[in-house]
Amino acid sequence: MTRTVYVNGKYLPENEATVSIFDRGFLFADGVYEVTSVLDGKLIDFDGHAKRLARSLGELGMRNPIETEDLLEVHRELVRANNIIEGLIYLQITRGAAADRDFTYPSDDTPPTLVLFTQNKPGLADSPMAKVGIKVISIEDQRWARRDIKTVQLLYPSMGKMMAKAAGCDDAWMVEDGAVTEGTSNNAYIVKGGKIITRHLSNDILHGITRAAVLRFAREAQMEVEERAFTVAEAQDADEAFFTSASAFVMPVVELDGAAIGTGAPGPVATRLREIYLDESRKVAI
Ligand code: PDD
């Protein structure tokens with residue numbers, strides 16, 4: 001089926017949607033993005049994603065081409081037009097197309113490029129992977145130092161996923177100065193003695209929207225949370241591990257660099273948090 005996508009104010013069939021070859025997203029990875037999940041045909045955590053988008057744009061001095069209310073309307077129209085019950089909405093804003101390739105930013109009257117498209121993912125919430133857990137490897141974190149900005153420069157995370165695949169695993173956790181920063185496209189957690197441990201917020205990691213919700217739900221359920229860095233050895237010795245993202249929700253991790261974590265099966269804390277996250281998020285989806 002041909003999707004309906006959104007480009008700069010227009011809803012178009014995907015094969016008619018175009019962006020300039022001079023677009024700075026294409027030439028310089030000069031763009032930011034958001035991924036919002038859809039469950040029951042409704043948006044999960046739209047406000048959180050819209051706020052982080054505004055922050056990413058602000059940190060890069062990029063103009064926001066759309067009001068939040070209108071952005072919500074575009075999300076909803078794409079869900080409707082593409083009949084998405086479970087899936088994802090991808091949004092990207094770039095600094096637009098300058099007249100030529102030039103490292104310096106174009107003048108303020110250059111319109112930013114705004115693109116949104118849907119990804120249909122039936123069965124997203126009932127993922128078979130969540131029942132068996134996933135295997136990760138650790139790799140050096142070789143990304144730039146402003147990982148708190150959600151930019152489209154995702155080559156190293158792509159390389160990380162390929163390294164994991166070559167090792168017969170599903171994903172990679174990145175390590176800097178001996179401590180895990182985050183997964184290639186998710187935030188990383190371990191559980192030890194009932195305590196949930198995840199890296200504190202800084203420029204070193206993306207401030208996950210799912211992370212914020214999961215930590216809030218965990219605290220509300222009287223679970224103990226500690227926000228600090230942890231090592232690979234600590235993770236291998238943990239009772240459980242998991243990661244969070246808008247596309248995977250709460251995903252148990254059962255192996256790290258070939259060592260089974262806990263029993264080698266999804267643990268009770270990750271399993272419970274996944275249930276709570278899905279239940280509570282569905283209740284307030286818009
Ligand atoms: N990735 N850390 C990184 C590096 C990420 O790319 C992501 C999200 C997260 C989790 O953030 P959130 O909970 O807001 O989705 C953490 C998205 C899903 C992606 O690139 O597809």
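Two strands count as paired here if DSSP finds at least two bridges between them. Keep that in mind for the sheet I'll come to. One caution before that: this is a predicted model.

Overall picture. The chain has eight helices and 15 strands. Its radius of gyration is 19 Å, close to the 19 Å that the globule rule gives for 286 residues, so the chain is as compact as a globular protein of that length. Along the principal axes, the C-alpha atoms fill a box of roughly 55 × 40 × 35 Å. Of the 286 residues, 50% count as buried. Now contacts. Take those with a separation of 6 or more: residues 24 or more positions apart account for 71% of them.

Domains next. The assignment gives domain 1, residues 4-124, and domain 2, residues 129-284. Their centres, taken over C-alpha atoms, are separated by 26 Å. At the contact between them, 23 residues of domain 1 meet 21 residues of domain 2.

E3 and E4 run antiparallel and are joined by two bridges. Val38 stands opposite Leu43 in E4.

The loop between them holds Asp40. Phi of Asp40 is near 55°, a positive value in a residue other than glycine. Is Asp40 buried, partly exposed or exposed? Its relative accessibility is 44%, so Asp40 counts as partly exposed.

There is another aspartate to show. Asp177 is not a glycine either, yet it has a positive phi of about 50°. Asp177 sits in the loop between strand E8 (171-176) and strand E9 (179-183). With 79% relative accessibility, Asp177 counts as exposed, because the cut-off for exposed is over 50%.

The largest nonpolar core has 29 residues. Those with the most contacts inside it are Ile196, Phe242, Leu273 and Tyr277. Which elements each supply at least two residues of this core? The strands are E3 (31-39), E5 (87-94), E10 (187-192) and E14 (249-256). The helices are H6 (209-220) and H8 (268-284). H8 gives the most, with six residues.

Zoom in on Tyr277. Leave out residues up to four places away in sequence. Tyr277 then touches Ile44, Asp45, Thr210, Ala213, Val214, Phe217, Phe249 and Val250.

There is also a second, separate core, of 23 residues. Among its members are Leu53, Ile66, Leu71 and Leu91.

Key
Residues are numbered from 1 along each chain as its sequence is written. This is a predicted model: local features need pLDDT of at least 70, side-chain atom pairs count only at pLDDT 80 or more; totals for chains, interfaces and linings use all residues. Side-chain values use heavy atoms; hydrogens and water are left out. A nonpolar core is a set of buried Ala, Val, Leu, Ile, Met, Phe, Trp, Tyr and Cys residues joined through side-chain atoms within 4.5 Å. Buried means under 20% relative accessible area, exposed over 50%, partly exposed in between (1.4 Å probe, protein chains only). Helices (H or I, at least four residues) and strands (E, at least two) are DSSP runs, numbered from the N terminus. Contact means heavy atoms within 4.5 Å. The radius of gyration is taken over C-alpha atoms; the globule rule is 2.2 Å times the number of residues to the power 0.38. Domain bounds come from an automatic or database domain assignment.
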